[in-house]
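Work through the exercises below with the sequence and the model side by side. Try each task before reading its solution.

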Amino acid sequence: MSEPLLRVRDLQVEFGLARGTLRAVDGVSFDVYPGEALGLVGESGSGKTVALRALVGLLPRAARITGGTVEIDGVDVGAAGEGRRRELRGTTVSMIFQEPMTALNPVMKVGEQIAEQPLVRLGMSRRDARLRALELMRLVGIPDPERRVRAYPHELSGGMRQRVMIAIALSGNPRLILCDEPTTALDVTIQDQILKLLQKLQRELDVALVFVSHDLAVIAQTCRRLAVMYAGQVVETGAVADVFREPRHPYTLGLLRSVPDFDAVRETLSSIPGSPPDLASPPQGCRFHPRCPFVQTDCLAGAIPLLELGDGRAARCLHHDRVAADVRREPVIVSG
Amino acid sequence: MAEPLLELSGLHVHYELRGGLGRRLRGHAPEILRAVDGVDLTIVRGETLGLVGESGCGKSTLGRAIVGLCNPTSGTVTYGGETLTAKRERTRRRRIQMVFQDPYSSLNPRMTVRQTLAELLRAHRMVPKEAVEARCLELLDLVGLGPRALDAHPRQFSGGQRQRVAIARALALEPELLIADEPVSALDVSVQATVLNLLEELRDKLGLTMLLIAHNMAVVRHVSDRVAVMYLGRIVEEAPTDELFTNARHPYTQGLLRAVPRLVPGRVSEGAGVVGDPPSPVDLPTGCRFHPRCPIAQEPLCSTEDPALTGGDAHTAACHFAWSDRPAAHVPEVIQEAT
């Protein structure tokens, strides 16, 4: 296999709060290879968005990276100067945000926003940049681009705005696009259109995607590999097909059993008892143990490492074989 | 057929938009937003009806018109044989209660749970004064919250717990019909299941009739007995849940179902379920409202004639081709591997 495009090792992000420091991301590692889609899934507060933002230095003011390395295309982002980092952002890596209305500039025509990067970063002439903007708008499926190029964001529907944002993300010819819940604010029909557009672009332009979402079905549809996050840590990773068929971490299992499956009607949904821990004082040992049905005394003894399970899979659970046995007894995905 | 509890007939809710100053000065007539535009719907006692559709289709307005939070422009809401208006007396108001989407904004942040519940119990004289406290505890127990919750403010609860308080508040008046407007969409995945299970459990225990308004098709399939699909202010299809999910007749329903992301990895249908954006409810398409986005529309029929809901007793659909055997209505699902 080729070299990874994105290599993240032991990433740590801390928030300095009045009541102490809170480690929102605690030792997260993953690789993304050219042209592949990796899903980062977790509930709110799991650290998935913070981890994603840390990759490109878009953290809120209270947060800072306190450890680990991020390499994009062989460049150590932490060691590189601000100038080099800027060069990476936009041309090698770009980002799509959840709320297009707050991410776009409300007083700038969308065509100008799309043309900005070709004009400034790629050094195109005004005319070429404008043509490039039209070409990108066509590529992301905006109908009637000659007219829409002069529209302001508020004149467009939510789906169209998200397409504009994707066009902006593509405008610097990046090789990696970071997507932060890009369809959460959209209707299911529009979400479907945007997801299919992203898949098409990934295939045709050979860009890699990191896809953050809380929606397991969205990840299943868009990504081949995933990392499940809980309380700031990756608790399970592997190919989506394998992890969904046979989860090896009790949290992944709990999530899969708690969502209503469109293809298979279950009698009752099981739920995960309790709520995620306060990261200012995480539980001793395994962070999931207070909510875990498989808990044993050894779970509390110390920090649990991410255990390699072969086939590119890993789970942060000492009792992953018991989880697997439970899944074999009662499959999570009934159909397929 | 069982006894109908609620009947909507020819229900319209229109909003007049004020429009810009220039528009008003020039004396143009105000634009009309047709949020609900001719809905006939029956809910039978004891059933759970799911109402689905895209945002802006009028599903929440329909719910609000039923509880009396907005006035219908025309048409009637008949409940247990009597016609209800938005302004209704206390005893009638009690019988239909609502749970809102966002438990962060639907609870008064300055009132404790005890105050919230006790105020209702007193105002509606649900129990004798001395029994108010006991009834509050009983209600909390019903939604799975301990007695400690009684003196807490909403900010001290998680999202799921707040939604439980909101459900307890709706149940305090012992309603017969509960309208749940997107009750879980603001909640985290693992918490959604507990709230859905609670709603189902309460429905069975208290014999509630329920109208579940939601956009998540998997949630609707899980909870409902019957489903109505709404598009631009109209019901376009209505059927028992299993029938709707396996044998949808309206191209919009078929598209909605194709658009749902599936848990089975690698199962992706080629092409979008429904193309384009929904048209504005201020400027509705002529003829069939779905024809600009419809894969099987035929000119000039679909752009001139508005199809009525047709079909049998249980399954109706508003499409000219709903019951013809046109194969084009069923776009084949292409299965391919995600990369």
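The model is predicted, so local features need pLDDT of at least 70 and side-chain atom pairs count only at pLDDT 80 or more, while totals for chains, interfaces and linings use all residues. Residues are numbered from 1 along each chain as its sequence is written, and chains are lettered from A and ligands numbered from 1 in the order in which they are written.

**Exercise 1. The hairpin**

Task: Find how β9(A) and β10(A) are joined, and describe the turn.

Solution. 
- Step 1. Locate the strands: β9 of chain A covers residues 225–230, and β10 of chain A covers residues 233–239. Helices (H or I, at least four residues) and strands (E, at least two) are DSSP runs, numbered from the N terminus.
- Step 2. Check the pairing. Two strands pair if DSSP finds at least two bridges between them; here six bridges join β9(A) to β10(A), and the two run antiparallel. One position to look at is A:Leu226, which stands opposite A:Gly238.
- Step 3. Look at the turn. A:Ala231, in the loop between β9 and β10 of chain A, has a positive phi of about 50 degrees although it is not a glycine. Most residues other than glycine have a negative phi, and most peptide bonds are trans.
- Step 4. Follow β10(A) to its other partner: two bridges join β10(A) to β12 (residues 313–315) of chain A, again antiparallel. There A:Thr237 stands opposite A:Ala314.

**Exercise 2. An open sheet**

Task: Give the strand order of the open sheet of four strands in chain A, and name its edge strands.

Solution. 
- Step 1. The order is β2-β1-β4-β5, with antiparallel pairing.
- Step 2. The edge strands are β2 (20–32) and β5 (75–76), each of which pairs on one side only.
- Step 3. Two bridges join β4 (residues 63–72) of chain A to β5(A), and A:Ile72 has A:Val75 as its bridge partner.
- Step 4. Helix α1 (residues 48–55) of chain A packs on this sheet, touching β1 (6–17), β2 and β4 of chain A. Its direction makes about 110 degrees with that of β1(A); axes are lines fitted to C-alpha atoms, for helices over the stretch in contact, and angles run from 0 to 180 degrees between N-to-C directions.

**Exercise 3. The two sides of a helix**

Task: Find which residues of α4(B) are buried and what they pack against.

Solution. 
- Step 1. In α4 (residues 113–123) of chain B, the buried residues include B:Val113, B:Leu117, B:Leu120 and B:Leu121.
- Step 2. They cover an arc of only 100 degrees around the axis, so they lie on the same side of α4(B). The arc is that of the directions from the helix axis to the C-beta atoms.
- Step 3. The buried residues pack against α5 (132–142) and α6 (159–171) of chain B.
- Step 4. The face turned away from the buried side carries the exposed residues B:Arg122 and B:Ala123.

**Exercise 4. A buried methionine**

Task: Which residues does B:Met98 touch, not counting residues up to four places away in sequence?

Solution. 
- Step 1. B:Met98 is in strand β6 (residues 96–99) of chain B.
- Step 2. Two residues are in contact if their C-beta atoms, placed from the backbone, lie within 7 Å.
- Step 3. B:Met98 touches B:Gly63, B:Val67, B:Ala170, B:Ile179 and B:Asp181.
- Step 4. With 23 C-beta neighbours inside 10 Å, B:Met98 counts as buried.

**Exercise 5. Between the chains**

Task: How many residues of chain B are in contact with chain A, and which element gives the most?

Solution. 
- Step 1. 34 residues of chain B are in contact with 42 residues of chain A.
- Step 2. On the side of chain B that touches chain A, α7(B) gives the most, with six residues.

Conventions:
A residue is buried if 20 or more other C-beta atoms lie within 10 Å of its own, exposed if 12 or fewer, and partly exposed in between; C-beta atoms are placed from the backbone.
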